[in-house]
Amino acid sequence: HLFSMLRRSVDSQQDPKMEDAGQAALLSYVDNNYLDSTLCLSAAADYMQTSIYTVSRIFKEATGMGFKEYITQKRLSYACHLLETSQIPVTQIALDCGFENANYFTTVFKNEYGIPPSKYRSNIGEDS
């Protein structure tokens, strides 16, 4: 209990500019590494030399999203770009976008967009 009181005291005295710099550094790190399938909360915490709880809080404040949700959105957005602009096989796109395997990628993609990636790709030509 004493530790949490001290922590709150230290946190409340932190310079807001330091907090902004931390947000910028964290977002930059994630934006530069989101395609790496090993990127996770603990990797970001190690990079920031802080706890996963602090990273999670800073991330939520900076983006309005959870850490994993943000990364998933960035990966899916890049996957859509690749599906629209290349003939790279879906399995390879899944890996290139940081998903551990094609089945998981397809599940996440379908949950987000309502159709599997292969159907998304085949629908692209129909829109024009």
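Start with the largest nonpolar core, which has 14 residues. Select Leu76, Ile93, Cys97, Phe99, Phe105 and Phe109, the residues with the most contacts inside this core. A nonpolar core is a set of buried Ala, Val, Leu, Ile, Met, Phe, Trp, Tyr and Cys residues joined through side-chain atoms within 4.5 Å. Buried means under 20% relative accessible area, exposed means over 50%, and partly exposed lies in between (1.4 Å probe, protein chains only).

Before moving on, note that this is a predicted model: local features need pLDDT of at least 70, side-chain atom pairs count only at pLDDT 80 or more, and totals for chains, interfaces and linings use all residues. Residues are numbered from 1 along each chain as its sequence is written, and side-chain values use heavy atoms, with hydrogens and water left out.

**Stop 1: the whole chain**

Show the chain as a cartoon. You will find eight helices and zero strands. Helices (H or I, at least four residues) and strands (E, at least two) are DSSP runs, numbered from the N terminus. From the N terminus on, the elements read α-α-α-α-α-α-α-α. Colour the 128 residues by accessibility: buried residues make up 30% of them.

Now think about contacts, meaning heavy atoms within 4.5 Å. Take the contacts in the chain with a separation of 6 or more: 54% of them join residues 24 or more positions apart.

**Stop 2: who builds the cores**

Go back to the largest core. Helix H5 (67-85), helix H6 (90-96) and H7 each give two or more residues to this core. Which of them gives the most? H5 does, with five residues.

Then select Tyr34, Leu39, Val55 and Tyr70. They are among the residues of a second, separate core of 13 residues. Lys74 lies over the face of Tyr34, at 4.9 Å from the ring centre. A charge sits over a ring if NZ of Lys or CZ of Arg is within 6 Å of the ring centre and within 35 degrees of the ring normal.

**Stop 3: the rings**

Show the aromatic side chains. The structure holds nine aromatic pairs. Rings of Phe, Tyr and Trp (its six-membered ring) pair if their centres lie within 6.5 Å; planes under 30 degrees apart count as stacked, over 60 as edge-to-face and the rest as tilted.

Select Phe99 and Tyr104. Their pair is tilted, at 6.1 Å centre to centre with 55 degrees between the planes. Phe99 is buried, at 4% relative accessible area. Tyr104 is partly exposed, at 38%.

Next, select Phe109 and Tyr120. Their ring centres are 5.4 Å apart and their planes stand at 80 degrees, so this pair is edge-to-face. The pair links distant parts of the chain: Phe109 is in helix H7 (residues 102-113) and Tyr120 in helix H8, 11 residues apart. Phe109 is buried at 0% relative accessibility. Tyr120 is also buried, at 17%.

Ring pairs link Phe99, Tyr104, Phe105, Phe109, Tyr113 and Tyr120 into a cluster.

Move to Ile115, in the loop between H7 and H8. Is Ile115 buried or partly exposed? Ile115 is partly exposed, with a relative accessible area of 22%. Beyond four places in sequence, Ile115 contacts Phe109, Lys110, Tyr120 and Asn123.

**Stop 4: a buried arginine**

Select Arg121 in helix H8 (residues 117-127). Arg121 is buried yet has no salt bridge. A salt bridge is a side-chain nitrogen of Lys or Arg within 4 Å of a carboxyl oxygen of Asp or Glu. Lys and Arg count as positive and Asp and Glu as negative; His and the chain ends are not counted. Which side chain of opposite charge is nearest to Arg121? The nearest is Asp96, 9.3 Å away.

Show what surrounds Arg121. Leaving aside neighbours within four places in sequence, Arg121 contacts Leu82, Leu83, Ser86, Gln87, Ile88, Pro89, Val90 and Ile93.

Pick Ser86, in the loop between H5 and H6. Ser86 is buried, at 15% relative accessibility. Ser86 and Arg121 are 35 residues apart in sequence and 9.5 Å apart in space, C-alpha to C-alpha.

Select Gln49, in the loop between helix H3 (41-48) and helix H4 (52-63). Gln49 is exposed, at 74% relative accessibility. Gln49 has a positive phi of about 55 degrees, although it is not a glycine. Most residues other than glycine have a negative phi.
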